[in-house]
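Please look over the sequence and the structure below before reading on.

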Amino acid sequence: MYEVCGEKELKVILALDQGDSISGVARKIDENRETIRRVVNRIEETGYVAYDNGLHLVDQTIRDVGLEFLTATADISPPSISEAYVLPQFAGMEYAFIAIDAIYVWTRGGYQVARDPEDYPLFIAVHESDVDAWTEFFDRFGIPTAKKRQPADDLNGAIQVVLEPQSQIEAEMVDGRPVISLQETVAFANEYYATFESALDMLGRMYDDIDTDANYRMD
């Protein structure tokens, strides 16, 4: 009964969506694929998950209880910045990283300039109808949310989440993270060129056929 209670097992159970592959789950939770393959094999043998055109949970109650346990531990050990990026995967709602976090995702973590670990907002787009549910979800982990960035002095912790309500969300998946399109990301960076010049240069080198201002502003 106690054989499957580890951190990685819990993360897989919480992140798993119907039809996910092992590779997909591993990317979602920033873990090595081979490690997650072994984890999935263990919890499949135990009967927690099954494979039918992709992985799925046998009993949704397991996930609900797992989330309750995770939120309880957050009172003792609050989420780190890296963990905060994974948490939305456990909410069961659609979202997409936007703004500077879209740049962070599209550069595959390569652009992380001028971000203060003591004042760290995450920016995500959510459905208008889900705003209250997202607020409640992050509140369970002690992370405040708002539709605009809040001053650090008004908060008790370093992490906050800025929610941008949208009528619909069109996300692409990059390394297991939902994010607005590369074109939208570049447009945002171009709009704030003085801040994101180096990010645009990085994106221009990583991807072909994108329109950045970096090339013609180099003079």
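## The nonpolar core

A nonpolar core is a set of buried Ala, Val, Leu, Ile, Met, Phe, Trp, Tyr and Cys residues joined through side-chain atoms within 4.5 Å, where buried means under 20% relative accessible area, exposed means over 50%, and partly exposed lies in between (1.4 Å probe, protein chains only). The largest such core here has 70 residues, and Phe90, Ile124, Trp134 and Phe137 are the ones that touch the most other members. Helix 6 (residues 99-106) gives the most to this core, with 7 residues; helices (H or I, at least four residues) are DSSP runs, numbered from the N terminus.

The model is predicted, with local features needing pLDDT of at least 70 and side-chain atom pairs counted only at pLDDT 80 or more, while totals for chains, interfaces and linings use all residues. Residues are numbered from 1 along each chain as its sequence is written, and side-chain values use heavy atoms, leaving out hydrogens and water.

Rings of Phe, Tyr and Trp (its six-membered ring) pair if their centres lie within 6.5 Å, and a search of the whole structure finds 13 aromatic pairs. Ring pairs link Tyr85, Tyr95, Phe97, Tyr104, Tyr120, Trp134, Phe137, Phe138 and Phe141 into a cluster. Ile124, leaving aside its neighbours within four places in sequence, is in contact (heavy atoms within 4.5 Å) with residues including Tyr95, Phe97, Trp134 and Phe138.

Why is helix 6 described as largely enclosed by the rest of the structure? The reason is that 8 of its 8 residues are buried, among them Ile100, Tyr104 and Trp106.

Alanine 99, which lies in helix 6, has a positive phi near 55° although this residue is not a glycine, and at 16% relative accessibility alanine 99 counts as buried. Just after helix 6, arginine 108 also takes a positive phi, of about 55°. Aspartate 30 has a positive phi of about 55° as well; aspartate 30 is placed in the loop between helix 2 (22-28) and helix 3 (33-46) and is partly exposed, with a relative accessible area of 43%.

## Helices 8 and 9

The axes of helix 8 (residues 182-191) and helix 9 (residues 193-206), which are lines fitted to C-alpha atoms over the stretch in contact, with angles running from 0 to 180 degrees between N-to-C directions, come within 7 Å and cross at roughly 140°. Helix 8 is therefore oblique to helix 9, since angles under 35 degrees count as roughly parallel, over 145 as roughly antiparallel, 65 to 115 as roughly perpendicular and the rest as oblique. The contact involves residues including Phe188 of helix 8 and Phe196 of helix 9.

Definitions and conventions
Phe/Tyr/Trp six-rings, centres within 6.5 Å; stacked < 30°, edge-to-face > 60°. Helix = DSSP H or I, 4+ residues; strand = E, 2+ residues; numbered from the N terminus.
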